[in-house]
Amino acid sequence: MTTTPTPPATTTGRSLAVELTDLTRVYGSVRALDGLTLHINPGEMVALLGPSGCGKTTALRILAGLDQPTAGTVSVGGKDLTRVPANKRDMGMVFQAYSLFPHMTVVDNVAFGLKLRGQDRAARMRVARDRLELVGLGEQADRYASQLSGGQQQRVALARALAIEPSVLLLDEPLSALDAKVRTQLRDEIRRVQLEVGTTTVFVTHDQEEALAIADRVGVMNKGRLEQLAPPAELYASPATRFVAEFVGLNNKVPAQVRDGRAEVLGSSVPLIAGSLDAGAGLAMVRPESVTLDARSSTPNATVESINFLGPVSRVYLDVDGIDTVMAAVPSPVAVKLAPGDRVAVGVDSTPLLVVAA
Ligand code: ATP
């Protein structure tokens, strides 16, 4: 039996490359962007991740045409858009706030952009209903926006952004007003829809888990520049700098000695990630899941401080002799056998580590 691949239910038919080149944005004495260069492949989703004030929103606003760079260029599909006004850029946006018209029906909200573009009612209703099906809200089309939950309203906002068949989809913290469970569901939903329509997408967030879960590549921003741009697994396995390592949750800093291309950490010899110190004393950035723990050792070097149960995995905080607290991510069946005050032997596994200057 032969199987025919199912074509996407909906496609915007456009997957364009986005190029931000050497963007600088100065506000008075603040350099919100300081030479940001970012090339995004057609159809790719890139998450811009970074702390408050690192320039994520400024980058997105400049891409949308809502703000002008002090220097640098924006191009989409090879066309220079730097001086093109926002309403001529064909970009779909979803913001943190739901920003729907509460007294309009859901389908009218989705069709609004098409109305502004002069499409006749029958055509725009057809597109709007199609986009609502895409985000799983076909049944809610005739309700008022104000009657929907926060998560549903953000789906409508996504359907509305996609209705105009945007050349690029821009998402600015679209999940941050939602509670944790809805946030995860909608995150996965956004990714499914984005893969289905194939629109090149930029997703701004300060939440590392969200960025790593959703994007093809994650750009970590610091002080208006890209610190590293890499697929999620690579970013996590090989953070290029201390800033990136800390931002993706490698929060344990353990004294280490570097010699002959390896690090001595808690009695183990571990390979180094590129960018580590060449030699001498430094701090190893250790993943919680790389911390090993032996409760039966005859040579313990740490005391259990506290244990946080998180479901399948627990966090165990350990006071390692002569070192600060170290946090281990431990399978819960192992963690339940521990109690505060227990003496244990703590080490690290052989996953390569970044070692930075102390
Ligand atoms: P957040 O996550 O808090 O939104 P962000 O990473 O998106 O932060 P931006 O909003 O891009 O950061 O701001 C970057 C820097 O530029 C900050 O120092 C901010 O105070 C400054 N800034 C942004 N917009 C303006 C403005 N219109 N006028 C003056 N300064 C601004």
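**Ligand shell and salt bridges**

Okay, let's start at the ligand: the residues around it, meaning those with a heavy atom within 4 Å, are Y27, V30, A32, P51, S52, G53, C54, G55, K56, T57 and T58. Before I go on, this is a predicted model, where local features need pLDDT of at least 70, side-chain atom pairs count only at pLDDT 80 or more, and totals for chains, interfaces and linings use all residues. Numbering runs from 1 along each chain as its sequence is written, and side-chain values use heavy atoms, with hydrogens and water left out.

Back to the shell. Helices here are DSSP runs of H or I with at least four residues, strands are E runs of at least two, and both are numbered from the N terminus. β2 (30–40) and α1 (56–64) each supply at least two shell residues, and α1 gives the most, with 3.

Now the polar contacts, which are N or O pairs within 3.5 Å. T58 puts a polar side-chain atom 2.5 Å from a ligand oxygen. For T57, a polar side-chain atom is 2.7 Å from an oxygen of the ligand, and a polar backbone atom of C54 is 3.1 Å from a ligand oxygen. On its own the ligand exposes 630 Å², and the protein buries 56% of that (Shrake-Rupley, 1.4 Å probe).

Zooming out, the protein has 9 helices and 20 strands. Of its 358 residues, 48% are buried, which is under 20% relative accessible area; exposed is over 50%, and partly exposed is in between (1.4 Å probe, protein chains only).

On to salt bridges, where a side-chain nitrogen of Lys or Arg sits within 4 Å of a carboxyl oxygen of Asp or Glu. How many turn up in the whole structure? The search finds 17.

E189 pairs with R155, closest N and O atoms 3.5 Å apart. That pair links distant parts of the chain, with E189 in helix α5 (residues 180–197) and R155 in helix α4 (residues 150–163), 34 residues apart. E189 also bridges to R192, at 2.7 Å; those two are both in α5, 3 residues apart, about one turn of the helix. E189 counts as buried because its relative accessibility is 16%, whereas R192, at 35%, is partly exposed.

One more pair: D321 and R343 meet at 2.9 Å, N to O. D321 is in the loop between β17 (313–320) and β18 (325–331), while R343 is in strand β19 (residues 343–348), 22 residues away. D321 has 43% relative accessibility, so it counts as partly exposed. And to finish, salt bridges with shared partners join R155, E189, R192 and E196 into one network.

How values were computed: Polar contact = N/O pair within 3.5 Å; in protein donor to acceptor, adjacent residues only side chain to side chain.
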